[in-house]
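Have the coordinates open while you read.

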Amino acid sequence: MLERELIVSNKLGLHARATAKLVQTLSGFAANATLVAKGREVNAKSIMGVMLLAAGQGTVVTVRVDGEDEAQAMEAVAALFERRFDEET
């Protein structure tokens, strides 16, 4: 299992479009993925689960991935966060 803390840095946080991108990115991997923020733990492959976090800009999110392609899944998620979900140039 891999675990990494990431910061939601895009202006709108994990709103519907950013959440959809995250879930879509993770859906291509076999690994299980979990997000932890604000005392809640949710399935990172569930749009509704991620939306329930209500993670705004500046929120620290712990990402946990576990499975055969966990390293690639973590790399893809970290890159998405670093690119601010491709919402800002």
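A polar contact here is a pair of N or O atoms within 3.5 Å; within protein, one must be able to donate a hydrogen and the other to accept it, and residues adjacent in sequence count only if both atoms are side-chain atoms. By that rule, the side chains of His-15 and Glu-87 are joined at 2.7 Å.

The model is predicted, so to speak of local features takes pLDDT of at least 70 and side-chain atom pairs 80 or more, while totals for chains, interfaces and linings use all residues. Numbering runs from 1 along each chain as its sequence is written, and side-chain values use heavy atoms, with hydrogens and water left out.

His-15 sits in the loop between β1 (2-7) and α1; helices (H or I, at least four residues) and strands (E, at least two) are DSSP runs numbered from the N terminus. Buried means under 20% relative accessible area, exposed over 50%, and partly exposed in between (1.4 Å probe, protein chains only).

| Residue | Relative accessibility | Class |
|---|---|---|
| His-15 | 17% | buried |
| Met-48 | 60% | exposed |

Now the inside. Contact means heavy atoms within 4.5 Å, and beyond four places in sequence Leu-22 touches residues including Leu-35, Val-77 and Phe-85.
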